Amino acid sequence: MQLKIYNSLTSEKEIFKPILEGNVGMYVCGPTVYSNVHLGNVRTFLSFDFIYRSLTHLGYKVRYVRNITDAGHLTDDGDVNNDRFVKQTRLEKLEPMEIVQKYTVDFHKVLDMFNLLPPNIEPTATGHIVEQIELTQKLIEKGFAYESNGSVYFDVLEYNKRGLNYGELSKRNIEELFANTRDLDGQGEKKNPQDFALWKKASPAHIMRWNSPWGEGFPGWHLECTAMSTKYLGEKFDIHGGGMDLKFPHHECEIAQGKACNDIAPVNYWMHANMLTMNSQRMSKSTGNYILPMQLVTGENDFFEKPFHPSIVRFCFLQAHYRSVLDISNDAMIASEKGFIRLMEAVKVLNSITPNDEKQSGFSLEEWKNKAYDALTDDFNSPVLIAHIFEAVKYIFALKDEKETISTKDLEDLKSTLNALIFDVLGLQMIEENNNEKLDQTLQVLIELRNQARKSKNFDLSDQIRDKLLAEGIELKDGRDGTTYVLN
């Protein structure tokens, strides 16, 4: 089967051809660890976890690199005070690396909760300052960058003058970009409005600072990904992923840096995950339409009627294609929970099915497998894959009701394929039943039986239930509002 990937650069679905046969180099832009990871981030990272799992399942050896941005994330090149880490250190009255550690731990905790596999390499911006300075020097030497008042900027106009195309990924016209640029504080340092920072001079109040040939400063946001991706994957690699919001300017700048430095396009396939909405509206703190991942799992929020297990949330997310907008709501989560429960029930039922080698089945396992893998290799189409999995679920319940049959060989093949797709590729997990909930349900049944015995004046049986439970350390208490129990 040929794997096809939608390439954001060409806006077309292309047959995937890795640079080195059987191997994949994949870089995904990671979090900026200045605050709690939000649910939209989780959707992006979960999408690429599914892609990583799929590539591995299809037989590729994948080197998956996902960075941690722990320095230099400027929201505005013209004002060093717009560094998100600087803002957060002032808000929380903590050292910058305390902020980094706090929210890196949160990031890993949340991703572990949703069963995301760790990348093979997780480099940090602060761990690659030397490489970023070297890249900056190389860009200056090649005439693509210039120093101004202790800062260094990438010269976008010079880049385009040499026949290159800043704007090729986002499909933006360079003349329009220049015409629509607003005036910024500190803009006078730049030759052109669209020039972006490679290195910024640190103000006296700026805590995160490093020595460089241009004085004390810190790296621009876009440079770190070029430095780390090329270090671990080479000057040209297979896949670069991230959220749709990173297409411009971040990924556009990465392409320009890579081409200017190494004279080749740095990436063959650009992949972008779409956004997450809630109740058909954009998630935003300012509007109040906002929820943290942990709040969805614990139920501590005003949007959902109950808590949802991380695996149910994961299942819900995968029911939308990674390139489609995903909208979550209470109804969507409830529907996902029902679907998830039925799926897991089918997995359990399958283990109890007795094969029949004498009768022919009306279900073609080979045809079903082909459809499932066609979906997986068609730009990682998780919703279509899930739809095909539920065709198998319907078949499994028909087997249970003895309306269908399956041979010994096909039974083992179905078990193996279904387990691989559900647990290895989709990354779902069985929800372990809470022992306390099971105990409570069992005791409620026994209390009901005892109440019925008392109503029918069968006091010997009611006393026997009470005494046997007491012997096991469970004391029944009869009160005005009914019977309760205490564990002794």
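**View 1. Asp 263, an exposed residue in the loop between helix 8 and strand 10****.** Asp 263 is exposed in this predicted model, with a relative accessible area of 60%, where exposed stands for over 50% relative accessible area, buried for under 20% and partly exposed for in between (1.4 Å probe, protein chains only). Although Asp 263 is not a glycine, it has a positive phi of about 65 degrees. Helices (H or I, at least four residues) and strands (E, at least two) are DSSP runs, numbered from the N terminus. The model is predicted, and local features need pLDDT of at least 70, side-chain atom pairs count only at pLDDT 80 or more, and totals for chains, interfaces and linings use all residues. Residues are numbered from 1 along each chain as its sequence is written, and side-chain values use heavy atoms, with hydrogens and water left out.

**View 2. Asn 115, in the loop between helix 3 (96-113) and helix 4 (129-141)****.** Asn 115 is not a glycine, yet it has a positive phi of about 60 degrees. Its relative accessibility is 18%, so Asn 115 counts as buried.

**View 3. The β-α-β unit of strand 9, helix 8 and strand 10****.** Strand 9 (residues 237-243) pairs with strand 10 in the parallel sense over six bridges, two strands being paired if DSSP finds at least two bridges between them. Within this pairing, Gly 242 stands opposite His 272 of strand 10. Together with helix 8 (residues 247-262), the two strands make a right-handed unit, a crossover being right-handed if, with the strands pointing away from the viewer, the path from the first strand over the helix to the second runs clockwise. Strand 10 (residues 267-273) is largely enclosed by the rest of the structure, because six of its seven residues are buried. Helix 8 also holds Pro 249, and the peptide bond that leads from Phe 248 to Pro 249 is cis, with omega near 5 degrees.

**View 4. Cys 253 and Cys 261, two cysteines in no disulfide****.** With a disulfide taken as a pair of cysteine sulfur atoms within 2.5 Å, the count comes to zero disulfides. For Cys 253, the nearest cysteine sulfur is that of Cys 225, 11 Å away, and for Cys 261 it is that of Cys 253, 13 Å away. Cys 253 is buried, with a relative accessible area of 0%, and Cys 261 is buried at 3%.

**View 5. The open sheet of three strands in the order 12-11-13****.** The pairing in this sheet is mixed, and its edge strands, strand 12 (281-282) and strand 13 (326-328), each pair on one side only. Strand 11 (residues 276-278) and strand 12 pair in the antiparallel sense over two bridges, and the bridge partner of Thr 277 in strand 12 is Arg 282.

**View 6. Helix 10 (residues 310-317), a mostly covered helix****.** Eight of the eight residues of helix 10 are buried, among them Pro 310, Arg 314, Cys 316 and Phe 317.
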